[in-house]
Amino acid sequence: KLKDGNKYIPENFNSDSDTSQLIAASLPSLEALSKLMKKNRSLVIRIEGHVNYPHHYPNPKKPAVGKHYVPPGMNRVEFNLWLSEERAKMVYNYLIEKGIKAKRMSTIGFGATKMLFPDTYSESEMAQNRRVEINVISFKGRPVE
């Protein structure tokens, strides 16, 4: 049930390493979120992005390097914050394209500060760290104009 303050991790809302692109398997969850937002027009959400950077990785203060685009001059901490926000914006932009009003959504990136598995070596757990969560900010339980 939708309730103010509840967080949801939609199935497969994950990204590949060092990219903001959601994996292809996330499309059904994106569509379901879009339909939910259209059906429940009083629903206001915050889209929260996360990254994977386990504690055993190299010093996060060193310059960021990656397989994909890295903005110039960022260290790994700055890059992780930027990337997590970009992941949240991917979902936000998808919902905008589906007709959801911008005033019903906000985004935030948490970098690697809220990993589900902070010391993982498992690819499955790393993938779960690279997630997007949906936080219900308000829901009145009935559609509004």
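In which loop is N12 found? N12 sits in the loop between strand 1 (7–8) and helix 1; helices (H or I, at least four residues) and strands (E, at least two) are DSSP runs, numbered from the N terminus. Welcome to this predicted model, where local features need pLDDT of at least 70, side-chain atom pairs count only at pLDDT 80 or more, and totals for chains, interfaces and linings use all residues. Residues are numbered from 1 along each chain as its sequence is written, and side-chain values use heavy atoms, with hydrogens and water left out.

N12 is not a glycine, yet its phi is positive, at about 65°. With a relative accessibility of 29%, N12 counts as partly exposed. Here, buried means under 20% relative accessible area, exposed over 50%, and partly exposed in between (1.4 Å probe, protein chains only). D18 is found in the loop between strand 1 and helix 1, and its phi is near 60°, a positive value in a residue other than glycine. D18 is buried, with a relative accessible area of 12%.

**Strands and a crossover**

Strand 2 (residues 44–49) and strand 3 (residues 105–109) run parallel and are joined by five bridges; two strands pair if DSSP finds at least two bridges between them. Together with helix 2 (residues 76–97), strand 2 and strand 3 make a right-handed β-α-β unit. A crossover is right-handed if, with the strands pointing away from the viewer, the path from the first strand over the helix to the second runs clockwise.

**Nonpolar cores**

A nonpolar core is a set of buried Ala, Val, Leu, Ile, Met, Phe, Trp, Tyr and Cys residues joined through side-chain atoms within 4.5 Å. The largest one has 18 residues, and I45, I47, V91 and L95 have the most contacts inside it. Helix 1 (27–39), strand 2, helix 2 and strand 4 (132–138) are the elements that give two or more residues to this core. Helix 2 supplies the largest share, four residues. Contact means heavy atoms within 4.5 Å. Not counting residues up to four places away in sequence, L95 touches L33, S34, I45, I47, I100 and M105. A second, separate core has six residues, among them V51, A64, F79 and L83.

N80 is also worth a visit: this residue of helix 2 is buried, with a relative accessible area of 4%. Leaving aside neighbours within four places in sequence, N80 is in contact with V51, Y53, G111 and A112.

**Aromatic rings**

The structure holds two aromatic pairs. Rings of Phe, Tyr and Trp (its six-membered ring) pair if their centres lie within 6.5 Å; planes under 30 degrees apart count as stacked, over 60 as edge-to-face and the rest as tilted.

| Pair | Centre to centre | Angle between planes | Type |
|---|---|---|---|
| Y53 and Y57 | 5.0 Å | 80° | edge-to-face |
| F79 and W82 | 5.7 Å | 35° | tilted |

Y53 is buried at 10% relative accessibility, whereas Y57 is partly exposed at 28%. F79 and W82 are separated by about one helical turn because they are three residues apart in helix 2. F79 is buried, with a relative accessible area of 0%, while W82 is partly exposed at 26%.
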